[in-house]
Amino acid sequence: MKSETPVRQWPWFARGMRGVFSAPALILMGAFVGFCGFAFEAGMPLGQTVFMTAAVWALPAQIVLIGAMLAGASLPTAAIAVALSSMRLMPMVAALVPQIRGKSTPTWLLLLLSHFVAVTAWVFTMQRIHTVPREGRVAFFAGFGLTISVTNIVLVAVTYDVISHLPGLLAGGLFLLTPVYFLTSIWASARTPEIQYAMVIGLVLGPVFHVITPEYGLLLAGVLGGTLAFVLERSINVMRRRNGAG
Amino acid sequence: MPVSLSMQAFWPYIFIAIAGWLATDIWRWLGVLLGKRLLEESIALIWIRAVATALVAAVIARLLLYPSGALAATPVTLRVGAALAGFLAFLVFRQRVVVGIVVSEAVFLGGAWFGLR
């Protein structure tokens, strides 16, 4: 960080922080209120619900973890279930890192900041990062990631007691926010067609592989669906180029 | 395995730290190590982005078809119908995420409300 001018970092950090008032951030807060209701119903104590939000910071993984704890799963079983649901974070972080890191960004800082990567931070950053100069990108991401996670940790702590009075219909509506938000925001942020192919193929293959093998369904749908989308885009590209030449 | 009282109080936190925190952050750390070797707009990065997207799509389908919590009590046709209506509205209205969210919530809450009576 020393070779980068510290004066220029703060404005970008502050601009990242302001992202807490963006539509994706507000929708995520709604989804976390929904999660809070789920945790309350499941009998998760307040302290554990807050700790989990800070430590895991990925809604599907937290839902899987609570499910495993409720079922009385052993530590290794619960860890494998959560690890499988969180596997998607590896390609997401791998895709984000080349976009945000500067020439002199230390690896330890990237490892630390990677904790904030979840669908919301990923979509938010991928949509806006090309408007941020290279030297401000890490600060921008850090400002957004830190603010959005601290806000939601506080939100979970504050709404936990309120949530018991929430009618089931409203709780269902809040739970519906996550899938619809994921679907539309990733579609809107796609700048190349293979992202949209991957979305459609993943939506179809997800349930198919879930029925065949519930444990590895997500992984298979992701790797096969993503590869299929990638190959499809490449071949369409080649065909177009051939037609254009002829 | 006999555990002391203080251990019992801390056990859920240790459980969450290992089965939740470690099981999730390990992928983020591997992602950093992998991403550092990738060049922006390389073929490998395009493939990895497609895999990440398909994985999230599979998560979306699972949240809608096999939900947990308050959604589990609602009919599957209502959940899928609401998501589909929201997505179509999103496409029609120049890909505005907020339009998609509002329409799907309206269909879901309206459908659940009238379905209940």
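This is a predicted model: local features need pLDDT of at least 70, side-chain atom pairs count only at pLDDT 80 or more; totals for chains, interfaces and linings use all residues.

User: Where does A:S86 lie, and which residues is it in contact with beyond its neighbours within four places in sequence?

Analyst: A:S86 belongs to helix 5 of chain A. With neighbours within four places in sequence left aside, its contacts are A:A61, B:A23, B:T24 and B:W27.

User: What makes the pair A:S86 and B:T24 a polar contact?

Analyst: The side chains of A:S86 and B:T24 are joined at 3.1 Å. The cut-off is a pair of N or O atoms within 3.5 Å, one able to donate a hydrogen and the other to accept it.

User: How is chain A divided, and how far apart are the centres of its domains?

Analyst: Chain A is split into domain 1 (6–189) and domain 2 (190–246). Taken over C-alpha atoms, the centres of domain 1 and domain 2 of chain A are separated by 25 Å.

User: How do you know that domain 1 and domain 2 of chain A touch?

Analyst: Contact means heavy atoms within 4.5 Å. By that rule, 11 residues of domain 1 of chain A are in contact with 11 residues of domain 2 of chain A. The two domains bury about 950 Å² between them, and 68% of this is on carbon and sulfur atoms. Three residue pairs are in polar contact across the interface, while the count of salt bridges between the domains is zero.

User: Which helix gives the most to the side of domain 1 of chain A that touches domain 2 of chain A?

Analyst: Helix 10 of chain A does, with six residues.

User: Which residues have the most contacts inside the largest nonpolar core?

Analyst: They are A:F35, A:M52, A:L65, A:I66, A:W122 and A:F141, in a core of 104 residues. Helix 2 (residues 23–41) of chain A gives the most to this core, with 11 residues.

User: Why is this core said to lie between domain 1 and domain 2 of chain A?

Analyst: Domain 1 (6–189) and domain 2 (190–246) of chain A both give residues to the core, so the core lies between them.

User: What does A:I66 touch, not counting residues up to four places away in sequence?

Analyst: A:I66 touches A:F35, A:F38, A:A39, A:A42, A:M44 and A:M52.

Technical notes
Residues are numbered from 1 along each chain as its sequence is written. Chains are lettered from A and ligands numbered from 1 in the order in which they are written. Side-chain values use heavy atoms; hydrogens and water are left out. A nonpolar core is a set of buried Ala, Val, Leu, Ile, Met, Phe, Trp, Tyr and Cys residues joined through side-chain atoms within 4.5 Å. Buried means under 20% relative accessible area, exposed over 50%, partly exposed in between (1.4 Å probe, protein chains only). Helices (H or I, at least four residues) and strands (E, at least two) are DSSP runs, numbered from the N terminus. Domain bounds come from an automatic or database domain assignment. Buried area is the accessible area (1.4 Å probe) that two parts lose on being put together, summed over both. A salt bridge is a side-chain nitrogen of Lys or Arg within 4 Å of a carboxyl oxygen of Asp or Glu.
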